[in-house]
Amino acid sequence: MASQKTPFDLNQYLVTRTETVNRAMDRFLPSEKTRPVTIHKAMRYSIFAGGKRMRPALLLAAAEACGGKPADALPLACAVECIHTYSLIHDDLPAMDNDDFRRGKPTSHKVFGEGIAVLAGDALLTQAFEIAAQAKGWPRYPHRELILEIARASGSLQLVGGQVADLEGENKKLSVAELRYIHERKTSALLCCSVRLGGMSANCTPAQLQALTDFGYHVGLAFQVIDDILDVTQTSEQLGKTAGKDVAVQKATYPSIVGLEKSRKIAAQLTDKAFAALKIFKGRAEALEGIAQYLLKRDK
Ligand code: GRG
């Protein structure tokens with residue numbers, strides 16, 4: 001009898017990858033008993049609050065598409081989740097978005113106070129580099145390349161720069177081009193960095209890295225367009241964070257500029273472009289395809 005390929009089970013994939021990442025994260029972070037205990041409790045509180053772990057999942061899936069071993073990619077997967085979690089802690093602070101809920105739980109500053117929340121974010125940002133430095137390093141991508149990749153995606157030209165433009169754009173009418181500038185930096189940069197790091201951990205070819213860059217850029221933009229849509233279509237309970245926030249602070253979003261229907265179309269078009277970038281992997285990128293499809297259809 002001809003052997004039949006088992007259909008790819010995304011749900012199972014995400015569950016197992018999340019467990020693997022959580023176990024590794026537990027090993028990489030100082031224990032709650034390590035002095036000073038408050039900061040380690042705060043770091044762990046936000047890391048283990050129940051995020052979707054999309055950046056690590058994309059990173060591991062990109063590694064697999066390039067023939068790499070998930071175990072080699074794990075330190076980088078944990079590093080990007082530390083950067084992402086730090087950005088959420090700081091984004092929620094009273095000086096920024098002033099949010100009380102994140103990942104279905106009270107935000108860091110609500111539980112630990114503002115000072116510790118700032119420091120927990122700082123510590124996770126720093127921890128990311130300590131963890132990334134423990135990756136093996138590969139012939140095409142020695143540690144210098146890995147550290148540069150993470151620093152560039154997180155710094156004032158990308159993640160932080162996007163947040164600055166976002167803050168300065170509040171209560172202003174923005175064009176679609178201005179909004180895209182924010183989304184590219186605030187959201188797409190770290191998602192793109194995640195898939196690129198996955199490829200690097202498999203010592204990918206320059207052509208594969210370019211394909212992953214195209215994929216990550218478009219998936220990252222689609223991710224934020226969907227995030228904008230969910231903010232107006234879902235409840236706070238469904239999202240695990242305050243819904244309707246963008247309208248409340250008059251933030252420019254895709255739905256506010258082009259409407260809900262057109263926003264959905266744009267997200268689908270961006271996802272199609274992401275899919276097109278995966279051709280080079282000739283069927284070995286099922287996990288990346290599955291995650292991109294899941295992100296487009298997600299409801300939280
Ligand atoms: C340097 C003080 C200081 C602050 C920096 C960089 C930054 C603050 C904030 C980043 C901006 C930000 C929060 C972008 C939004 C990206 C986004 C859609 C986050 C939500 O990601 P999910 O849905 O979250 O993957 P979970 O909780 O599932 O991991």
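Hi everyone, let's begin with helix α3, whose buried residues are Met54, Arg55, Pro56, Ala57, Leu58, Leu59, Leu60, Ala61, Ala62, Ala63 and Ala65. Here, buried means under 20% relative accessible area, with exposed over 50% and partly exposed in between, using a 1.4 Å probe and protein chains only. Helices are DSSP runs of H or I with at least four residues, numbered from the N terminus.

Before I go on, a word on the source: this is a predicted model, where local features need pLDDT of at least 70 and side-chain atom pairs count only at pLDDT 80 or more, while totals for chains, interfaces and linings use all residues. Residues are numbered from 1 along each chain as its sequence is written, and side-chain values use heavy atoms, with hydrogens and water left out.

Back to α3, residues 54–65: 11 of its 12 residues are buried. So what covers them? The cover includes α1, α4, α9, α10 and α15, where contact means heavy atoms within 4.5 Å.

Now have a look at α2, residues 37–47. Its buried residues include Ile39, His40 and Met43, and the buried set packs against α1 (10–28), α4, α5 (108–112) and α6 (114–132).

Next, the ligand. Which residues come nearest? Of the 18 around it, they are Lys52, Arg55, His84, Arg103 and Gln163; being near means having a heavy atom within 4 Å. An oxygen atom of the ligand is 2.5 Å from a side-chain N or O atom of Lys52. For His84 that distance is 2.7 Å, and for Arg55, which we met among the buried residues of α3, it is 2.8 Å. A polar contact is a pair of N or O atoms within 3.5 Å; within protein, one must be able to donate a hydrogen and the other to accept it, and residues adjacent in sequence count only if both atoms are side-chain atoms.

Who builds the shell around the ligand? Helices α4 (70–91), α8 (159–169), α9 (176–200) and α10 (206–233) each supply at least two residues, and α4 gives the largest share, with 6.

Last stop: Arg298, in the segment after α15 (286–297). Is Arg298 buried or exposed? Arg298 is buried, at a relative accessible area of 7%. Its side chain reaches the backbone oxygen of Leu295 at 3.3 Å. Leaving aside neighbours within four places in sequence, Arg298 is in contact with Lys52, Phe223, Ile226, Asp227 and Leu230. Lys52 is one of the residues that come nearest to the ligand, too.
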